[in-house]
Amino acid sequence: MTGAEPAVTVGSDALAGQTVVLRPTGAQHVGSFMEILQHPEVSRWWGGYDLERVRRELLGPHGYAVELAGEVIGLVIFREQNDPDHRYAGIDIALHPDAHGQGLGTDAMRALVRYLFDRRDHHRIVIDPAAHNERAIRSCRRVGFQPVGVMRRYERSADGTWHDALLMDLLREEFIG
Ligand SMILES: CC(C)(COP(=O)(O)OP(=O)(O)OC[C@H]1O[C@@H](n2cnc3c(N)ncnc32)[C@H](O)[C@@H]1OP(=O)(O)O)[C@@H](O)C(=O)NCCC(=O)NCCS
């Protein structure tokens, strides 16, 4: 096990954080995910999701619902580059704004990162928040992610303009779990 042992006990497919639980996604999560992703405080950072895209991209083995005391408060996903010479995993996260700023995003990221290092045998994980998304960057730093560099005009905003993103990466030995 890398880092601290989780404080909550969960079923075999779920991932335990200190406070949150990551549950494998299913059709029952579509409504909550839509509500979270269409909230303006979330869609400004992670936008463009309609029902069809939620079903296509967020349900399945690479997605987890973030639960707090049985309530869905967010979602995390990962993707994997499995070329053996360039292997890494990338993650994304969104929590409902009611849950922001309480350390829950950090807890959820740690649970997913621990899974990717310990059970999927990754050595490097990346995340790419918008360069002006200070809360996300601080939360990532708390997990141990370090800035690699700014990717210029990397991502299209809801208003159609392109904004910069900060590529951050985390090596196994740097994980603050
Ligand atoms: C990014 C996100 C997952 C972080 O989760 P969170 O639970 O809100 O974050 P945490 O409470 O774990 O940590 C937030 C950190 O940012 C700081 N912070 C909070 N609000 C802030 C703000 N408006 N500006 C700058 N920093 C802020 C907190 O003080 C804390 O840092 P500290 O512990 O060093 O003091 C969550 O805010 C979210 O879902 N945002 C919308 C979607 C999004 O931005 N996704 C990012 C994709 S990479």
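1. Helix H1 (residues 30–37) buries Phe33, Ile36 and Leu37. Buried means 20 or more other C-beta atoms within 10 Å of the residue's own; exposed means 12 or fewer, partly exposed lies in between, and C-beta atoms are placed from the backbone. The three span an arc of only 90° around the axis, so they sit on the same side of H1. The arc is that of the directions from the helix axis to the C-beta atoms. Gly31 and Glu35, on the other side of H1, are exposed. The cover over the buried residues includes helix H2 (40–43), helix H3 (51–58), strand E4 (71–81) and strand E5 (88–95). Helices (H or I, at least four residues) and strands (E, at least two) are DSSP runs, numbered from the N terminus.

2. Basis of the note. This is a predicted model: local features need pLDDT of at least 70, side-chain atom pairs count only at pLDDT 80 or more, and totals for chains, interfaces and linings use all residues. Residues are numbered from 1 along each chain as its sequence is written.

3. The largest nonpolar core holds 40 residues. Such a core is a set of buried Ala, Val, Leu, Ile, Met, Phe, Trp, Tyr and Cys residues joined through C-beta atoms within 7 Å. Leu22, Val66, Leu75, Val76, Ile91, Ala108 and Leu112 touch the most other members. H4 contributes the most to this core, with eight residues.

4. Which residues does Val76 contact, leaving aside its neighbours within four places in sequence? They are Leu22, Tyr64, Val66, Ile91, Asp92, Ile93, Ala108 and Leu112. Contact here means C-beta atoms, placed from the backbone, within 7 Å.

5. The ligand is surrounded by 23 residues. The closest are Trp45, Gly105, Thr106, Glu134 and Arg138. A residue is near the molecule if its C-beta atom, placed from the backbone, lies within 6 Å of it. E5, H4 and helix H5 (134–143) each supply at least two residues of the shell. H5 provides the largest share, six residues.

6. By type, the shell around the ligand has 10 nonpolar, eight polar and five charged residues. Ala, Val, Leu, Ile, Met, Phe, Trp, Tyr, Cys and Pro count as nonpolar, Asp, Glu, Lys and Arg as charged, and the others, Gly among them, as polar.

7. Two backbone angles deserve a look. Most residues other than glycine have a negative phi. Asp121 has a positive phi, near 60°. Asp121 lies in the loop between helix H4 (104–118) and strand E6 (124–127). Asp121 has 9 other C-beta atoms within 10 Å, so it is exposed. Arg153 has a positive phi of about 45°, but it is found in strand E7 (residues 146–156). Arg153 is exposed too, because 11 other C-beta atoms lie within 10 Å.

8. The UniProt record, an unreviewed entry, lists residues 20–173 as "domain: N-acetyltransferase". Its annotations may be inferred rather than shown by experiment, and positions follow the numbering used here, with feature names shortened. The span is 29% helix and 35% strand, and its end C-alpha atoms lie 23 Å apart.

9. Ser12, in the segment before strand E1 (15–16), is exposed, with 4 C-beta neighbours inside 10 Å. Ser12 and Arg23 are 11 residues apart in sequence and 9.9 Å apart, C-alpha to C-alpha. Glu41 lies in helix H2 and is partly exposed, with 13 C-beta neighbours inside 10 Å. The C-alpha atoms of Glu41 and Glu155 are 17 Å apart, across 114 residues of chain.

Conventions. Two residues are in contact if their C-beta atoms, placed from the backbone, lie within 7 Å.
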